[in-house]
Amino acid sequence: MAESDSFLHLARPLGPLLAGSAPTTAPLNVGIQPQALFSILDHSLRRNADQERVIGTLLGTRSEDGTEVEIRSTFAVGHTETTDQVEVDMEYQKQMLALHLKANPREVLVGWYATSSELNTFSALIQNFYSGQGDGTWPHPAVHLTVSTEAGKDIETRAYISAPVGVTAERAADSAAFIPVPHEIRYGEAEKSGLEAVAAARDAEERSTTLFTDIEALERAVEEVLGMIDRVSRYVESVMDEEAPASIALGQFLLNALALAPKVEPADVERDFNNHIQDVLVVSYLANTIRTQMELSNRLATAQLTLGGESTNAESGGAQRGQRGKGGGRGGHQRNQERNAEEARA
Amino acid sequence: MAEKEVPLTAVKVEALVVLKIIKHCSQTFPTTATGSIVGLDVGSTLEITNTFPFPVVEMPAESHFDNTAPKPNPAAAAPRAKANTAYQAEMIRMLREVNVDANNVGWYTSANMGNFVNMNVIENQFFYQKEMNERTVALVHDPSRSSQGSLSLRAFRLSPKFMAAFKDNKFNSEELQKSNLRYQDILIELPVEIHNSHLITSFLHQLQNQTARSGPTELPASLAALESSTFAKQPILAPNFDNLSLSIDPFLEKNCDLLLESIETHHTETSNYQYYQRSLAREQAKITAWQTKRKAENATRATLKQPALPEDEWQRLFKLPQEPSRLDSMLNSRQVEQYARQIDSFVSSTTGKMFAVKGNLLPGEIAK
C-alpha cells in the first residue's frame, strides 16, 4: 500500500502558467471511504475482457481551504484506449454526474480513478480534463486515485494531484506532473458493524456469510476479548520467565489499562445490578404482554362472525376487554418509564 | 418462464451494496433514506449487486400549511414517486453501459429502531411488486440498531395473500375472516447473506495483514511512543466492541416510547371501530323501527284493501356506515411484534452482559 511509501512534497510552479488557469498544487490529504474503494474494485471486476484498466469519477467533499479531500462515492465512466489514442465518454460522465448530484447534493466532483498503477500520457490527458475549468475541479486540483487490481499482486492504492508541465501551452495540455499525496482509508462509526459483517465473509470458502443476531455478535466480541487477554497474559508470563524481552513502556501501558477497572462497593454493584435487570426484564415482559393483548383484541375483532347473531355483542365485549387489559399494561409501562427516567436523572 | 415459478427464498447482498446503503442511511439519519437496488435473479436467490440512492425532492413550503397529520417525509414516499421512476430508469440505463447488472430488484429504506412497518413501506413494496417486477424485495437497514453492535439489514416481501387483499382493499372484518389474513402474513422476511467478490476478499486479507507483514517490531521506548504507534490505533476490521457496552437505558427508553406510540395508535383504531359499531347499531335499530312501522302500516292498509307500500325502501332512506379498514391495526400489530422481538433479542444479550459484569465485580457470588 502507498502508505508505506515515503515521498517529499515540493510545491513549486511548473511549466507555463496561463494566467489564473493552473489549479493550485498545494499538498492535501485524501481520505477514502470504504464504499468508494469497494465500488472501484467492483467496477474493475466488471470491465470488458480486453480492457487493461477502467476509469471512473470520484465524488466527495472538500474542506474549506481545500487541504482535506474525502472521497465518498464513485461511478464508473466508459472509455476506450488504444495504443495511440484514448476516448472517454464525456457525455456519459456529464449525465451521470448530474444524476448523482441530484441524489447527493452535498457531494462535489473531486477527481477520478483508474484501476492500474501505471501513469502514462493518457492519464495526463484525462487528468487535465478533470482538473480543467468548466466541468472540472478547477480551481482545486483534481485527485487521481490509482487502485491496482492485477491478479496475483497486492492491491495498491495511490493518490496524486497534478501540476502542469511542458514548455509550451500545447505541450502542457497533454502532459502533467503527478505529485503523490498522502491518503488513508477512513471509516465512520456507522460502517463499523457493516465492515465487521463483510469481514466475517473473508475466510469463508464461498465468500459469503449470514448476518449475526445480537447474541451471536456478543459472543464473537467476548471471544475476541478473551483471545486478546490470553495473548497479553502469555506475553507477561514469558517476560516473567525471562524468555521475552521486557519493556517498561508496555508494562506501564498494561498497568494503566488495569487501573481502568472501576472500584465499586459490592453493595452498590448488587443494587445497580438488581435495578437494571429488573428494568430490562420488565420492559421485555411488558412488550410481549402488549403484543399478546393487541393480537387478542384484533383477533376478537375480526374472527367473531362465526357466532352469528351474537357477533356484535361478543365483538365489542372482546374489544373492550382487550382495551382494559391494555390500559393496565400501559399504566405499568408508564410507571416503569418514570422509574427509568428517574434513574437517568440520578 | 419456468424459473419464474421458483419462489424467492434468499437474498444475497454484495459487500459494496451493504456499505453504500449504510453510508446513505447514516448520512440522512434520523430521517428516512430510500434508494433503489439492482441485481440478478438467479433461481430462488436474489443477488443484489449494486445500489443508488433516490434524490429527495424538497417539498415546497406551502404544501405544509394544511397539514394536521405528521409531517410527510418526501423520502419515504420516494420509491413510488413519478419523478423517481424516471430517475431510476435513467440511472439503470447509465449503469448498463458500464456492465452493472441492470435489473431493478427492489428498493431499500432506513429505519429507526425497527419502526419500518407502516403504510409507506407497504405501498412502496406493493408498487414494486405490482408495477415493476414481482420478484423484488425491500431491504431495511436500521442505523440505530447497527450502532448497538451487529449490523441490522433485513429483506422483506409482501405475501401473495396480502397482495391480493391490498389490491382490492379488502380489509373489513368479513373479508379478513374469509381470507384468514393475519398480521403475521403481511411481510415475509427473507434471509440475508453477505457476499464478497474475490477482489474484495483479497483486499480485506491485505488490510488484515498490513501490520502483521511488517515483521517483528522493536519494543517501544516509552509510553508515549507506544500510544502513538500504529498498534494503539484501532485496526480497521477488528470486531466491533460496541456491543459490549453496558449503556442500556437509552435503548430501553426509546423502545418504550415506540411501544407507547403503538398503543396510542391501537387505541385510536379501537375507538374508531367502536364508534363504527355504535353507529351501525343505531342505524340498524332505526331500520328495524322503520320496517316494523311500515309493516304495521301495510297491515292497516291491507285491512283497508289498499295496495301495500314497498318494504325495501329503507335501502334508499338509510345509509349504513362504512366499516373502517382493519389494515392500520394489522400493521400496528405487526409493528408491535417487531418491537417485541427486538426487545427480546436485546434483553437476551443484555442479561448475559449484566451477569458477566456482576460476576466480574463480585467474584465471591459465583463461588457461592
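Reply: Strand β11 (residues 208-210) of chain A pairs with strand β8 (residues 192-195) of chain B in the antiparallel sense, over three bridges. Within β8(B), E193(B) is the bridge partner of T210(A). The model is predicted.

The contact between the chains involves 100 residues of chain B and 93 residues of chain A. On the side of chain B that touches chain A, helix α11 (residues 327-361) of chain B gives the most, with 21 residues. That side of chain B is made up of 53 nonpolar, 32 polar and 15 charged residues.

Now to strand β6 (residues 153-158) of chain B. Six of its six residues are buried, so β6(B) is largely enclosed by the rest of the structure. Buried here means that 20 or more other C-beta atoms lie within 10 Å of the residue's own. From β6(B), L153(B), A155(B) and R157(B) point one way, while R154(B), F156(B) and L158(B) point the other way. Both sets are buried, and R154(B) and R157(B) are among these buried residues.

β6(B) also has two strand partners within chain B. One of them is strand β5 (residues 137-141) of chain B, which is antiparallel to β6(B) and joined to it by four bridges. In that pairing, A138(B) has F156(B) as its bridge partner. Strand β7 (residues 187-190) of chain B likewise runs antiparallel to β6(B), again with four bridges. There, the bridge partner of L158(B) is L187(B).

Key
Residues are numbered from 1 along each chain as its sequence is written. Chains are lettered from A and ligands numbered from 1 in the order in which they are written. This is a predicted model: local features need pLDDT of at least 70, side-chain atom pairs count only at pLDDT 80 or more; totals for chains, interfaces and linings use all residues. A residue is buried if 20 or more other C-beta atoms lie within 10 Å of its own, exposed if 12 or fewer, and partly exposed in between; C-beta atoms are placed from the backbone. Two strands pair if DSSP finds at least two bridges between them. Two residues are in contact if their C-beta atoms, placed from the backbone, lie within 7 Å. Ala, Val, Leu, Ile, Met, Phe, Trp, Tyr, Cys and Pro count as nonpolar, Asp, Glu, Lys and Arg as charged, and the others, Gly among them, as polar.
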